[in-house]
Each structure stands twice: as structure tokens, then as C-alpha cells.
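Q: I'd like to learn how to read aromatic rings in a structure. Can you walk me through it?

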Amino acid sequence: MTLPSPARLLCAALLSFGLLGSAVPAMANDAVPAAPPSTAPAPPSTAPTSPATVAPRQALESATLPATAPEAPVPAETVPATEKRAAAAEPSTVKPSEAAAGASPPAASPAPNEVTSFVPDLNWNPLNDPGSNARYGEHFAQPVTPLKTASPLGLDDAGGSAAIAPRSGTFNVTLVTVQLSGKTVADTDAINMTAARNSITGANAYWNSASAGRLSITKVNELRHKSAAKITDSYGTIMATVTKELNWQYRSYESLVIFVPHADLNYNGSWGILGGGFTDSATSGRVIMPYPSALTNNVVTHEFGHVLGLHHANSLACSNGRVDAERTGSSWGNSGCWSSEYSDMSDLMGYAQVSSPMINAFLWEYGGFGSGDEIRNIGTPSNKQQYTLRPWGGTDRQRALKFTDPVSKEVYYLELRAPVGFDRTAAVGGNQGVKITKQDILGWSGNASVVLTPNSSLSGYSNRALTWKAGQSFVTHSGTRVEITSTTFPTNQADAASAVVTITPPTMTPAAAMSAISSVVAGSPQLGGAKSEVQCGLVGGGCYQNFVNGAVIWSSASGAAVSLNGQIRSAWLASGAQNGALGYPKAAQVCGIRDNGCYQSFQNGEVFWSTASGAAISKAGVIRTAYRGAGAENGALGFPIGPETCGLKADGCFQAFQQGEIIWSSTSGARISKAGPIRTAYRASGAENGALGYPTSSEICGLRLSGCYQAFQRGEILYTTNTGAQISRAGLIRTAYRASGAENGVLGYPTGKETCGLKDGGCYQSFQKGEMAWSPATGAQIIYTSPIRTAYRAANAENGRLGYPLTSQACGLRDSGCTQTFQGGEIYWSSATGAIISRKGRIRDLYLSSGAQDGRLSYPITAEICGLRDGGCYQGFQRGEIYWSPTTGARTSTTGSIRTAYRNAKSENGILGYPLTHEICGLRDAGCYQSYQNGEIMWSPKTGAKITATGPIRTAYRKAGAENGTLGYPTTNQTCPTTTRRTQTFQRGTLTWTSTTGVKRT
């Protein structure tokens, strides 16, 4: 059990009061205790996991009685609260005088298996604690001892009579607070005695009212007791130990109620027990309780129900939705039904709650409560009749009703639950209406009830819709109909509420049924001998006759048909037989179909069987229609291997077959998902709960390369033997893929799934001939398998300088070249150059402005290379280069004599440095020139390309008019024979420089 915040725990008591005897006067201490309770260490091992339910109250009861009687009584160690503490026989280090005066002995060490507990306040509701395993304890009926005689708890065969004669008397309660081993006096003092006494007063009020004043419960003794039992003992062991130590005598109209200092109890290590009750006879019993809480009044009253011989108020739960099932000894006649213990939330003997609703009419009659005139017995109905019910929590005579079913002979109880009396807070919402109960299969001697609800697929603590409303009809498993004709709940007059019910028994055997069944029997020797007469009263006026090897079932709508024992019949019965989804059989089973299988037709479907698949239902509906359209068992799916299952996402349904499934939703229809790679991929993606949703087509094959595909709400799965089954999910990548021709286009089939989580929230998917890349900024673009894709991936794809593609690859360029643009540049390809990146920047800008591949430079032959002199970069092209530096910008160096001369002069590392201009032509005599940081290169057809380096000679040449002057074009580069002499020859003269003369022309 999960306890509240540690802030609620009290500090450990370092000293405890020594007890000379095991008993001390009872002390009501309803405020904060004078000394805090102990906080001994927790046990070294974890308690066993509680049974597999998280309901607040758990069914731990055994249906059998304990096999051994309690041990013989021993002398009592407890004294009445009015007696003084006397010297004790047990060992003690405290002198009697000191103990009597309340002196504190040395603190005792806690037991090694002791666990701690907080002290709850009276508003604490264990059911509201997160992770709470709160529940009632097991109900034990203890064997009698020689000190008393047991009252017989017999029950008549119909389960509809009082099993315990009406009792009259006062239960004298001995209230004991027990100091367990390992607990301190302070722990015991923390038991709120006012709340403990009030719980007995509350139980008295309830059972006094239920018994019409014949029974009362009163506290006559109040004791304190020191026990050898430990809180880690199962609560039954604690009670047995205390019973023995107290020398408790099982006398009529005497009850023992003990409170122990802990927030809850445990059963074999499973904590969360709210209390336990022990039936010792019809007029004797015992109750064990933990610290009082908000539920204490309910629990004590409930446990006194056990003392009075009652078991639990349960509900019938059926996975197939049956509202009733035949009671066959200790089991239900329908394998899909079970008893959900404690699940009657409208009854005291059901789950724990703050209020204490009135016990139901079955338990009322079983325990001999009331005046005997509260329940009207109409016997076995023979014709249609109406009756009026009054609030069960009220005081009207014959306010409830019971009848015996004409066919099954089971007894049913009808009562109106309205917010009256003890039902004033519980009979609301789904628990306000007509409640129907009968004897349960649990308990012993028939002392448990079961409520029959409109929706048996719901059960447990959270089900608060247990009653039938006006307009609803309940039909017993044998065909008796109970119609809730009307209900009236006047505002502010709950005690004036009423309900009218109409009870219609099953019809008698019609002649048509006798004739049809006889005819079928005559032609069906395989049935064997008859085990019953023809019996009617089934739903829709149906009839049946049982035989050694099966039955013949008839209805006016279906006719008579044989239902042979075997798996097909078992599956039909498990589905609810004629009351279930299939209805009545329409024909006998037919065998000899595929794989030596068999099938049988019913009003609303079929049951198929084969040795490999077993028996499975194919019920009428869109899934069955699709199955039959696919050839049923002879088609691709084979035999069904499971029932149709609904409740999927968006209210979908599916059914499994040997070779696949059929899946349906209201928006997609029924579609086959046949066994194979596509279905495997679909299921791996989460099926209808995954990204694809429901299928919208069947699997279609015969595509390119013998491929197949299947469409879904949000995409497709495509398959070939080479690529496997791959998902193409709805989105921009799939849209672009389909626009490119899908599997028939340039990409072919997908080879992987769409993968997201890339840089900038991007995604991609690979295909046979490329990939598709998408980002929010660029959209979906194709990257074909090609040298461009190879270069892109080598550049680290979207994580590199290029980023995502902005366009798809475009071909048909000059010299049959191709290009693709990316966020950070382009990749160009031609057969002569290969795939080269032109990355975003000044070099690319100049390249594009010069005409790119169609310009003078043509295609790039190198990537952009940086790290040159002065932080420069360059890129080579088929017909030149582009150079860039921070001071010069980007300039072309086109193929030709000037570029050759520049490169011979060591390019940017030579005397010229970086180009300052592009090559400029159209000079005198068809000449050209290009300027550099440290000079120029001049060219003419007659002189070739010559360098005029920055210096006095170049200055003098330019002053003379350069190529347009008297010197013409240079015919040599400048030469420097010595450090003090330089010379350069031109077409019409020579310029010489010395350090003494300067520049002279010769």
C-alpha cells in the first residue's frame, strides 16, 4: 500500500511505557498522542506483490471453509478497562511500583520484521491514495468449538428462501485495542477510540434498521491487550493469536472487535487490507481493524455483515456482453462469464466506500432480515404481468419483487434503488434505477449475491452503472423478459419514487417447433439418444432439445438445425449461443471443405474450423463480406484464427486469418492485409495506430519489376524482391515522388523509410535511383543517382556547405552537362569535367554573372580552393580560373596567352600578385591586357604576352602612352641583370633604368 507523504509520519518514540501485565486500562486519546508512535525499521525484504487487481477491495476469500479449529483457549492476559494494572508474570526489568506510576523503562528495540505506519486522520480515504491496494480482508467462516453449537446455513435448491432464521438479540461487543509486538504504548494510544466506538454505533444503527429492530450491537467491554502477534503477520494470524491469548469464548450474541496500531493490515505480505470479519456462527463472530479512517464505519458495518453470515455482493462480468448466465454449481454456464467480487458498488457487502448502502434483496432474505413482508414473491410467472417497485431503502411493504424462472428455476430479485434511507448517497446516477440480483456461485452455502447489469463487459470499483433504466429490458438466460416499463423519481421526494416492471415468461412449446425438431432428429442419427424433452423459452421464442452428442435448436426465423458437440458448437456457445452475435443456427455443419475443414451457418454469420486454425467465428458484417469476396477459406486468407475484434483506434475492427487480416474503419472500409512483406512492414510501423493509419486498398501486384503496393490512409507500402517492403508515407516527399512517376519514374522503388530529424528539421528517403530530401525552407527535391549525388554526399550532404537541394537535377546543358542548385551553391557535371561544386560566394557570383557553363570559362574543373597567399581563393574552370582575395575581389583569368604568362610568373605568388581586372581586349592592333596588384600583362598578335611590372619603367611606359604611344607593345619582360639596372624592350625602343640615371630611352 502506498502511504501518504512522509510529512504525515510522526517521530519515533524513544521511550515507551513498560507494562507489568499485558493489559492496561483503556485510555481514549482522540487528540494528538502524548508520545509519538514508533518508527521501527522496515522489514529487510519487500512484501510480496499484491494479487493482480488494483480494485480497492480484493477477492481473497476461499470458497472452502478452514480445515482446522482454533487452538484450545488459554488463560487471558487482558484485563477490563476498569481494572488496575497488576503485577505481571511475564519478565520485566521495571519494578511494579515504577510501572504503576507510569515510569518509563529503557526503550525496547523494535522487532526486526516491524514496519512503520503513519496515524491517519479521520478524513483520510485509503481509496484516494495513489497506488493504494486498499480492500477488505478475506471472509472466514470459522469451525465451531465445543463451547458453542453451529447454526445450519442450509439453502433450498432454488436459492430463494431464508437460509438463516430471523434472529433477535443484542450483540455484546468486547472492544479491544491491541499493542502488537514491536509497537509501543504510544502507537496504541494513537488509536482514535471515539472513532472506534462510533463505528460500533454505526454498525448498530445499520443492522438494527435492517432487522426491523430485532438486532442491536452494543459495546459492553473495553480492554487493552499486549499481544505476541506482529503487524507483519497476516491479519488472520493476528486475530487467531489474540483470540487465543484472550481465551475468547464463542458464545451466542457475543462479538470481539479489535483495533491494532497500523494504517492497514496485510494478507500474506500483501498490504492494503481495510479490515477482516470472521463468521463463528449465525450469532457470533469477530472483527479486526487498523487505525480508524474515513472508511471505518463502512468497513466495521460490512464486517458485521460477515459476522451475521453474509458473503459478498458481486457482479456478473461477461467478456461477450451476456447479461445473465446459468449457475451450474461452482461455475457459470457460459465460459465468457465470471464473478467480479465486491463489484456491486450499490451494496454494503460490495466495495468499500464512505457511505453504507443497503444490502440487496437476496442477501436480505438469505440473512432473515426485515419483517418478512418487504419482498413480494410472485412465484413462477405463467403469463405477462406488471408490478410496481418502491424504494428499497424505504419502509414500504412488498417494495421489492422476486420470481422463479419457469425454465431454469433460478430465483431473481428486483428492487428499486433511489436516494432514500441508507441509499441516499449511493443510489444516484447509474446506480439509480431497477437493480436485479440473484445467488452467486461464490461464497459458501449460497451466501453471496451477484448483480446483473446492463453492461456486463464493465465491472470493478469504477463501474457505477449497475441498475436498469426505463425502456431497457433484461432477459434471463432461459428467456424470461423483465421490461423496465417506467420509472418515476420526483424532485425532492425521493421516498415517492417508483418503478413499473413487466415480466413476460417464455412461451410454451409451439407445434411448429415440435414438428421441425422431430423431423431433423429423424434424419440425424449422429445426435445419439435424447437427454431432454423439447424445451422453449429461448430468445425470440426459440426451443431446443438436448442429445448425447449435441442439440437441435429451433426458432421461427431460422428453422430447426443440428448443433453437434465439437469445437464449432463450443465456439457458438462461448459467443452467447442464440443470445450472442451469431443468433440461431440455420443449417447443420458442413465438412469436407479445404484442408478437411468444417463450417456452420448461423443467422448472423458462420463458424469455421480446421485442424490448423481451430474454430473461429465469422460474424455478419463488412469484414465477413470482404472475406467472402476474397474467396473465404479457399481464398488467399485461409481460415479465420480469431474472432472479430473491435475497439481499435477510431472505432475500428479487425479479424485475423491464417494468411493475413481484414481491417475495417468507418472511413476506410474493410480491407485485406494479407500475409507477406507488406503486412509485416505495416505491423512493424504500428498498424492502424502508426503513421499509415488504416489500409484503403487491398494489396495490388503486377507493377514494374513484379512489384506490389498497398494504399493506406496516410501513405503506401511498396515492395519488390530487390528493395523489400518500404513505406512511402503521406507528405511532401511522397507528393514529389508521385509527381516524378513513383515506381515508374526516375527514382524507382523506395529502398528505405522516410527518415527525419535531420539538420534544420529536414527529412529524406532513399530510392533505387536516388533520394528525396526535404526541409521546411527548401521543400522536397530529388537527388538522382549520379555523379552529382556522389559529389553531394562526399561533401557531407545537408550537413555540409551545400545544405539542402533547392532544385532537382537539370540536364541538357552545354556539352550534355547537368547541374543542381543547393542552398550553398551548385554542382556542375559534364563528361569532360566530372561533378564539381561551385559553392556560394564571390567566385560563384562572378562565375554565374559571366554566363556559368555557357560563358567563357565553361564548366568548373576544380572545387573552390582557399588558403592561398593573403587569404585568397581560386577555382579552376575549363577555360580559365577565377581568383579572389579580400583586397582585389573576384577576377577571371581566362585561358590564353595572358593567363599562360601569369601562371608562368607564379600567379598570385609571383611579382604580379592577384588580378585587379578581367582581361580587356580591343586595344590598338587587336591587343589585350589585364591588370594585377603589381603590374600588367599586355598582349598583341605580334608581340605575345609580356609583363610590365610595377616600377619606374612601367611608370615611364604609361607616361609615354603605353601601347598607344611611340614605344608600342612590350616585346620582352622586364629584366634585371643587376640590382642597380633594369631594362625592357618594346616594339619601338628600349627603356633602361639605373639607380644613378633613372629611366632612359634608347
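Q: Which charged residue sits over the ring of W993?
A: In this predicted model, the charged end of R982 does, at 5.1 Å from the centre of the W993 ring. Another ring with a charge over its face is W392, where R399 lies 5.0 Å from the ring centre.

Q: What describes a pair of aromatic rings?
A: You look at the distance of the centres and the angle of the planes. Here there are 28 aromatic pairs to look at. One of them is F362 with Y366, a tilted pair with 6.3 Å centre to centre and 35 degrees between the planes.

Q: Where do F362 and Y366 lie relative to each other in helix α6?
A: They are about one helical turn apart, because four residues separate them along helix α6 (residues 361-366).

Q: Is F362 buried or exposed?
A: Buried means under 20% relative accessible area. F362 has 2% relative accessibility, so it counts as buried. Y366 is at 1%, so Y366 counts as buried too.

Q: What kind of pair do W364 and W392 form?
A: That one is edge-to-face, with 5.0 Å centre to centre and 70 degrees between the planes. W364 is in helix α6, while W392 is in the loop between β15 (385-389) and β16 (400-404), so the pair ties together parts 28 residues apart in sequence. Both tryptophans, W364 and W392, are buried.

Q: Which residues do ring pairs link into a cluster?
A: Look for Y599, F608, Y627, F639 and F657, which are joined into a cluster by ring pairs.

Conventions: Residues numbered from 1 in each chain as written. Predicted model: local features only at pLDDT ≥ 70, side-chain atom pairs only at ≥ 80, totals over all residues. Heavy atoms only, no water. Phe/Tyr/Trp six-rings, centres within 6.5 Å; stacked < 30°, edge-to-face > 60°. Helix = DSSP H or I, 4+ residues; strand = E, 2+ residues; numbered from the N terminus. Buried < 20%, exposed > 50% of the residue type's maximum accessible area, 1.4 Å probe, protein only. Lys NZ or Arg CZ within 6 Å of the ring centre and 35° of its normal.
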